[in-house]
Amino acid sequence: MESKPIFVVEERKELMLSPNGDADPAPRTGHFLKPSAAEPETDPPPPVPTPPPPESLPISVKLDNWRHPTKRWTAWVDRMESAHEPTWRRAGIYDAIKCSTFSIRKHPGLVLGLAQRWCPGTNTFVFPWGEATITLEDVMVLGGYSVWGSSPVSSHLGSQAKLGRARSEMTKTPANVADSCKWMEKFRDTGSDVEHEVFLAFWLSRFVFAGSSDVITASVRQMAIGLARGVRIALAPAVLASIYRDLSWLKIVLDGLVPGMKDGNEGKEIYVKVSAPFALVQVWAWERFATTIRPNRREVQPGEPRLGRWHKSKKLNLPNVHSMMGEAGVHFKWRPYSLAVNDLATYAFYGEKENWVSLEEDANAELRSFAHCLMACELPGLDIVEKYSPHRVAMQFGMDQDMPGRVAPCNQDPEIAWDNYNKSIQGAQLYIPARLYKPCVTARYAEWWASRSSDRSMQGLKGRSVVNDDPVPPGFRLKIVSVDTADSTEDDDGLTLGEFFRSIKQRRATGSCSVGLGDKCLQNDKMQSSFLQNVGRGDTDMEMRASPMEPVVRNRPRDTAPGGAQRDNEEGTTGIGQRFTDGGLADENAGESSERLMREMLVADLEVRISKLERAVAERKARITK
């Protein structure tokens, strides 16, 4: 029996909103990461009150893994590269090792400001305009680490006999462990038969899995032996797990300082150490915030990793980092890696049009890596497990954002987490968005995000203005929504937007509310349209100019939806691009009334649902007759 294809991305028609407000809401085909939810399964992260300025916090943070390369280390890398570059490339660590020769200047205020926005429950940053996070893709592109390969938490082929003998020959610390600096002093430029393994062990212990004691652990030695033999090891999930862990821990510490500051009892300065590679956290912000947060970039040299853009970048003075991040929603770069840097594209598979590809056994490394980045899972780290939820930040991968579904809690066993992470994706169908595509959000996601504040839940609004001070969907500008419900019925009072939306359709279906007739119905239509039209209008990102609602040519395998219904692949006449002027912007002076827009939205949405229902019924009848 032929197995059904696995789809990494789900395709379906939904009522969609443009994050930049440059097109009216309309039903169209979207592409969503799994799991998504039709009804709320989890609460959105709560609004983060404006944190105190990072520089005012009574805390000193030592970043143990923020290393600046020495001349001796850079020279050692150059000599080892000349002899072992093919092995490094086969093991997927060439770019990661080269990244260790770059000097990224610390901006403690920016790092602490990001940590204050961190949500340990979701492993995402919570900004006024939406969620974002560091993903496997960021660790892969910026850090140079592989997202697939052998396990970073299990032993690898090879004996530690040689390294064991080398370790026993060395001077040891009082704790009876080998000091990494002494390894470098003893074996650098010696031509020893274990120099390459020692080099990799030093690199892993100083730049990847650094600790406060600068010792080379048994697990690091084991990984070094595998890498020296060209074994590809999935270092990215372990690195990202350590970043998530330390951001969550730092967030808890920072939150504990706030009550004392409010009471005027700041006490003594707290001193904390962080071992995760937080340089990636800072560079992540520089890549995505197209504001004064980031310094000027240098040109990347041919063959140089992307991190080289920020080598020795000038340190900036950021007096109000939270204000800068809070106002950056419209200009946030959701897809920085889809664009070329110095004519060098991050991914070769991006094209001018979208496409569906099958991940066969011989799929190239880029496609396999991208697929791993899209799947919600547990991240197996060294003695830790962290939850990975790319479906909460789907727009970072060029996918449309729907309400996120629930993910099972972490099991806290790194080896079990690795087994789940390493499940085969052979034969899976992968959606590749167009290079310049700008993702959108569903209407229910917009409502779900707005529910973070009772003022935006549309409950009991009686002719009052609601200030969009914090909870707005990703990318939306902050605006004031004026709602007039003087003619609304008592039954409508206290309804959420989704409930209100459904109640209109129910009354029309039962004949209690005629389409286009009746003052109360039109008033309700205006209320709904006013909310959707005023959610936000902003400038588009100049580096991504394609219209977010532009119809595209499809090349997608046919798949079945739950219940046997065939998914709808036709764009038809419901595409929003056919209802607007050139450039995707709505013509506000065209004379289209808000009630007509609402009516068209309801009719189009109903047609989509009826069509899917008819196909499902036909499929089931066909199975019964067989």
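Residues are numbered from 1 along each chain as its sequence is written. In this predicted model, local features need pLDDT of at least 70, side-chain atom pairs count only at pLDDT 80 or more, totals for chains, interfaces and linings use all residues, and side-chain values use heavy atoms, with hydrogens and water left out.

Helices (H or I, at least four residues) and strands (E, at least two) are DSSP runs, numbered from the N terminus.

- An open sheet of 3 strands is arranged in the order 2-1-12 and is paired antiparallel; two strands pair if DSSP finds at least two bridges between them.
- Its edge strands, each pairing on one side only, are strand 2 (26–33) and strand 12 (441–442).
- Strand 1 and strand 2 are joined by 8 bridges in the antiparallel sense, and E14 has R28 in strand 2 as its bridge partner.
- Strand 1 (residues 9–17) also pairs antiparallel with strand 12, over 2 bridges, where L17 stands opposite V441.
- Because 8 of the 8 residues of strand 2 are buried, this strand is largely enclosed by the rest of the structure; buried means under 20% relative accessible area, exposed over 50%, and partly exposed in between (1.4 Å probe, protein chains only).

- Another open sheet of 3 strands has antiparallel pairing and the order 4-5-6.
- Strand 4 (118–119) and strand 6 (130–132) are the edge strands, and each pairs on one side only.
- Strand 4 and strand 5 (residues 124–127) run antiparallel and are joined by 2 bridges.
- W118 has F125 in strand 5 as its bridge partner.

**Strands 8 and 11**

- Strand 8 (residues 355–358) pairs antiparallel with strand 11 over 4 bridges.
- S358 stands opposite Q429 in strand 11.
- From strand 11 (residues 429–432), Q429 and Y431 point one way while L430 and I432 point the other way, and all are buried.

**Packing of helix 4 and helix 12**

- Two packed helices are described by the angle between their axes and the distance between the axes.
- For helix 4 (residues 136–143) and helix 12 (residues 365–374), the axes come within 8 Å and cross at roughly 140°.
- Axes are lines fitted to C-alpha atoms, for helices over the stretch in contact, and angles run from 0 to 180 degrees between N-to-C directions.
- Helix 4 and helix 12 are therefore oblique to each other, given that angles under 35 degrees count as roughly parallel, over 145 as roughly antiparallel, 65 to 115 as roughly perpendicular and the rest as oblique.
- L136, E137 and M140 of helix 4 meet S369, F370, H372 and C373 of helix 12, where contact means heavy atoms within 4.5 Å.
- By class, this contact of helix 4 with helix 12 has 4 nonpolar, 2 polar and 1 charged residues; Ala, Val, Leu, Ile, Met, Phe, Trp, Tyr, Cys and Pro count as nonpolar, Asp, Glu, Lys and Arg as charged, and the others, Gly among them, as polar.

- Helix 3 (residues 108–116) has 7 of its 9 residues buried, so it is largely enclosed by the rest of the structure.
- The buried residues of helix 3 are L110, V111, L112, G113, L114, A115 and Q116.
- K98 belongs to helix 2 (residues 94–99) and is buried, with a relative accessible area of 17%.
- Not counting residues up to four places away in sequence, K98 touches D78, E81 and P305.

**Backbone features**

- The peptide bond from K34 to P35 is cis, with omega near -5°, and P35 is found in the loop between strand 2 and strand 3 (59–63).
- N123, which is not a glycine, has a positive phi of about 55°.
- N123 lies in the loop between strand 4 and strand 5 and is buried, with a relative accessible area of 3%.
- D383, also not a glycine, has a positive phi near 70°.
- D383 lies in the loop between strand 9 (377–380) and strand 10 (385–388) and is exposed, with a relative accessible area of 74%.

**Cysteines**

- The structure holds 0 disulfides, a disulfide being a pair of cysteine sulfur atoms within 2.5 Å.
- C377 counts as buried at 15% relative accessibility.
- C440 counts as buried at 0% relative accessibility.
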